[in-house]
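Look at the strand first, then at the interface.

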Amino acid sequence: MLWLNGFYNFRIVGQYLNVFIDGMLTTIWLSLLCLVMSFFFGIFIALMRMSTLGFVWRIAAAYIQLIRSTPLLIQIYLIYYGLPALLPFGNIFDETQTAIIALTIHTTPYMGEIIRTGIQSVDKGQKEGAQAVGLNSFQSMYYIILPQAIANITPPLIGQTAILIKDTALFSIIAVPELMGAGLTMFSETVVATESYVTTGICYLLIYLLTLILSGYAQNRLGGTAWRSN
Amino acid sequence: MKDPIIRIENVSKQFGTLKALDGVTNQIQRGEVVVIIGPSGSGKSTLLRTLNGLETVSEGNVYIDGVNIVDTRVNINKLRSKVGMVFQHFNLFRHKTALDNIIMPQTVVLNRKRKEAEDVARKLLEKVGIPEKAGNYPDQLSGGQQQRVAIARSLAMHPKIMLFDEATSALDPETVGGVLQLMKDLATEGMTMVVVTHEMGFAREVADRVIFMDGGQILEEATPDEFFDRPKNSRTITFLSQIL
Amino acid sequence: MKDPIIRIENVSKQFGTLKALDGVTNQIQRGEVVVIIGPSGSGKSTLLRTLNGLETVSEGNVYIDGVNIVDTRVNINKLRSKVGMVFQHFNLFRHKTALDNIIMPQTVVLNRKRKEAEDVARKLLEKVGIPEKAGNYPDQLSGGQQQRVAIARSLAMHPKIMLFDEATSALDPETVGGVLQLMKDLATEGMTMVVVTHEMGFAREVADRVIFMDGGQILEEATPDEFFDRPKNSRTITFLSQIL
Amino acid sequence: MAVKLMGGMLEMADIVLAKIQITINLMPFLMQGLLMTFKVSILAILFGSLLGFVLGVVRTLGYRPLTAIIGIYLHIFRGTPYLVQLYIIYFVFPSFGVGFLNFDSFTAAIVSLSLYTSSYVTEITTAAIYAIPRGQEEAARSCGMSKAEALIYVVLPQSLKMMIPPMASIYVVIIKSTAILSIIGISELTRQGEVAILRMPGDIMFVYGLIATMYFIYCYPVLRFAKWAEGAFGSIGSVQDQES
Amino acid sequence: ASTMEKIVKSGELIVAVQTQGPPVSFIDKTGQRTGLVIDIMEMMAADMGVKLILQDYDWKGLIPALTSGKADVIAADMTPTAKRHMQVIFTEPVFFAENIVYSLKDRDFVSWKDVNKPEFTVGATQASSYAEVAKKFLPAAKLKEYSGGNPQTFQALVSGRVDAGVSDRASVSGLISQNPNVKVLEGTVNKEPLGFAVRPDSIHLLHALNNYMRLIRHDGRLDRLLDYWWNSTVWEADHK
Ligand SMILES: Nc1ncnc2c1ncn2[C@@H]1O[C@H](COP(=O)(O)OP(=O)(O)OP(=O)(O)O)[C@@H](O)[C@H]1O
Ligand SMILES: Nc1ncnc2c1ncn2[C@@H]1O[C@H](COP(=O)(O)OP(=O)(O)OP(=O)(O)O)[C@@H](O)[C@H]1O
Ligand SMILES: [Mg+2]
Ligand SMILES: [Mg+2]
């Protein structure tokens, strides 16, 4: 192992193991929370976007385009610094809450667009089948269309989740100590750059692999692949 | 004259510039079996779909069991559970097993207990002849089996009327027979049925009345014998000559 | 005995644990019209697809015009242009007009000049009866018209053999007639044809020989009259009883 | 009262004038950043799309080892932050002692961002190819086209259209990722903005607002184009009701 | 070849700098890079008769740029800590930072020590020496570390996200001139030496740098620069 220490010094990384583990745990739970919330709101945005009412889909479309056209970094700053300036009670959210809100607002449009294409990919006959047995619009959506749509869009959902996990790296700009912050702390103190950055990368990769494994499991359990013979 | 279960009054349906239905008027009695035939694009599916509100009409009224379903105040979902519909492409819920396809609408729409719904479902699977396929997903069933599940799913709602839109044309000839037999059984049990089909043998054997449509209009209606042996309308005559 | 254009020798095809073809042996002569019938899943499509190499075989040999296409050294692409195939779902190239659908394979595979290929294409569109649809995209054609273009596309390659896999079963009954007539014309012109179909009338009228398959095996083969009037195999008898 | 109002309005006017002054002062500086962002992102998108397209096509060819290698490549690039990738390519590669790996900042930015882009494009390409019904390729091969010819003349022309909408969305993600390039000294838009903030920290929010506006001006047309293309060509997500 | 030999041969001195803000290194109103360390390096390159090439990196990129050979020297306000010495070599201190604490004017803090209570929160740049100072000298107060830098911490104070910020006197004076609602609390928390850094094997260059600093310190040129940039706000008139 000693020869490897030339490239990657385990001893120094070992000193920061706790910092990395704390950062990873923070990143995981923040990502998980944002994932659940943005997925949930994404369903609403997708439904709004598909509405036939002009003012409803226009609002959704404007929100989607605006958020997607501007960087997350700036969205976080605007919410963190800008909100207190605009509202007297803008300070009610602390750093972690602000981070969660910002990333959820940022990810919801992406989720919404994925869910929308998923819904549109479900065969039209499925909705007619549901209506013909007397299910109302909400019931058709809830029992028939959404479960199939979600199973259809697992690949892009995993892709978006991977992006979401990496996006949490920006939280250190508002003092939320997550995984990237752990890497930067190690780097700043020891200035061993390769170890700091490679370790950070490996930790993100671990979380990503965890996501892949879990999503495979979830796909089997919830979506049920049994019904898709191909 | 008896009180008809379906009354179609001067119904028109416009798709853009196209008149898919053009002033259709008709009445269907309880227990009657009506077969609709006609060339492709003549409006058969559109007419059937207006009968359970899948298609809104542009003009006219449709009364099901005395209720005008064109009226927007009517709870169309409740009404739909009275009118079963079986599609050409089956439209089984792909993410549910055969059994769950039949159970789910009962629990959701009729608020039946799962236990009760399951009993109904299993009896119906028995009736359509595939009790052993309860656990299969639609993709694991042959076309004929899927169509049987679709019929069972409709029957589970205790409909007063069954609509069939080319229920056999996606099936291979061998399995057509079984599904047609099932429909015949329903007819003898006194179910009111409106059937769009290309199976002239079935029409002749089961129908109480045959309706011929073209260009969104009813051009001819008659008993099967009269229709097939002494068609009157010239369009009907051309159509029959090509198909038989 | 003449030199057969197709020689199938003890061909088997395995899908996982399923034997889709199970030791099929047969010979087809130049100019012969063979109709294959059988229940769903019996291996008809699979057999047809092995004849132009769309499906590799697990065992056995297939000779087309004396060349063993199972041999990996054979240029399967050159060979395929000798064997035209018409599918149930037409499979026209959706991004090309009717005319270009017929031109493109000629220029790519046969290296014909565009001018020459276009002449061939226009003549064939004439022959299949829709010269006026040259500029339409597949989406703008009815099913029957699409199937005619598909046949013209195959014919443009001057195939020695035409394979038809349920070429009419996606068509509505009224348009089936035209496509069947086209196939009859080809048969009278002396084209070797292997046809999978459920149209028993066509089989009886046009086939030189009928083959009945089930479970991946050829169970019976006979002239049409013999086959329909005096079937021998018990499975054939059940099948025919259900279908007629 | 009126005086107070006047005073308030004057104050407002002062603030607005001050902001306009800042905007005018900073604009050339920020435009420089936008230009750099534009240059880097366009080049990376170009190279990344080409590489990703090739990898995506190769992945569908079914050579097991290649498919596996490309899969690992995708997971590594999608599973780690771009910052880490950039770092390794710019700072760690030189230690391998291979001359041409010693990139300058600009080259390193293009190389790393292209690789990052390609990981997304690969995924999109693969999905778009799989979205084309198998029948299209089979029909092409039945005409005698080789696998490559079928891909080039039939499958890819159809998939390319469907790739446009998701590609445009990914391009926006890539454009925004350029903000990270400041660690290797590329003066792109975010970097220029932050340098400007160091000069006028009192207006931090206003400057961030300006930066956001400039990103919006660049990204919004791309997204609009994606939306338009989705309507015009369909998207991978909205491929539906096609026979396979 | 040693780094110095390379410089002599190519006639180029490649210096990695950071744009951390006035007065150390920043872009002035005319769009020129300027500041204390820039002036020092320009002077040295001129005296050596070589061309000065400045490369601008983010803080995260500075040390990697040096160790990977993309630059010969880091000229920034870097604190030579023991751990950092294990990777690079620092010159003798070039100048000294006075770390201070600042807050909004309407708060009743007087000395920086008043902030050291559990009910107060201080902000500092993430993983910087300011954060170290906060941990060491204000252990009772809560600490929020912002990865953005001084302006972001400053903005956090203005937005009411923290009660006070930690930074050095020279950097803060630039920020305060833009926002008169902020005051520097009385007293200096501590003094920190700041130096330039080279690769461990660049011994010749290290000695040259040390020697040059001694030279300009004795001939008064360094003090003139320090007085202009570091110990006063005279520079603001020329560059803001
Ligand atoms: N949603 C729609 N939008 C526009 N036109 C439609 C729509 N649905 C049906 N049409 C048109 O209305 C006409 C009647 O269609 P319909 O489906 O009722 O015919 P059909 O008699 O059922 O034909 P087939 O035997 O082919 O099923 C056709 O010309 C069809 O193209
Ligand atoms: N690619 C495949 N993978 C696995 N099984 C297959 C595949 N293709 C066909 N089979 C199976 O092989 C058997 C024969 O299929 P084939 O398509 O040849 O039947 P067929 O006689 O053409 O039926 P049909 O009349 O329904 O078209 C079927 O059981 C089918 O499920
Ligand atoms: Mg119809
Ligand atoms: Mg078949």
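## Strand β12 of chain E

Strand β12 (residues 190-198) of chain E is largely enclosed by the rest of the structure, because seven of its nine residues are buried. Buried means under 20% relative accessible area, with a 1.4 Å probe and protein chains only. Strands are DSSP runs of E with at least two residues, helices are runs of H or I with at least four, and both are numbered from the N terminus.

Strands pair if DSSP finds at least two bridges between them. Strand β7 (residues 95-104) of chain E pairs antiparallel with β12(E) over five bridges; there, E:F96 has E:P193 as its bridge partner. Strand β5 (residues 73-78) of chain E is also antiparallel to β12(E), with three bridges, and E:I74 lies opposite E:A197.

## Basis of the model

The model is predicted: local features need pLDDT of at least 70, side-chain atom pairs count only at pLDDT 80 or more, and totals for chains, interfaces and linings use all residues. Residues are numbered from 1 along each chain as its sequence is written, chains are lettered from A and ligands numbered from 1 in the order written, and side-chain values use heavy atoms, leaving out hydrogens and water.

## Chains A and D

Contact (heavy atoms within 4.5 Å) links 37 residues of chain A with 35 residues of chain D. One salt bridge crosses the interface, where a salt bridge is a side-chain nitrogen of Lys or Arg within 4 Å of a carboxyl oxygen of Asp or Glu. D:K227 and A:E113 form this bridge at 3.8 Å, N to O.

Technical notes. Buried means under 20% relative accessible area, exposed over 50%, partly exposed in between (1.4 Å probe, protein chains only).
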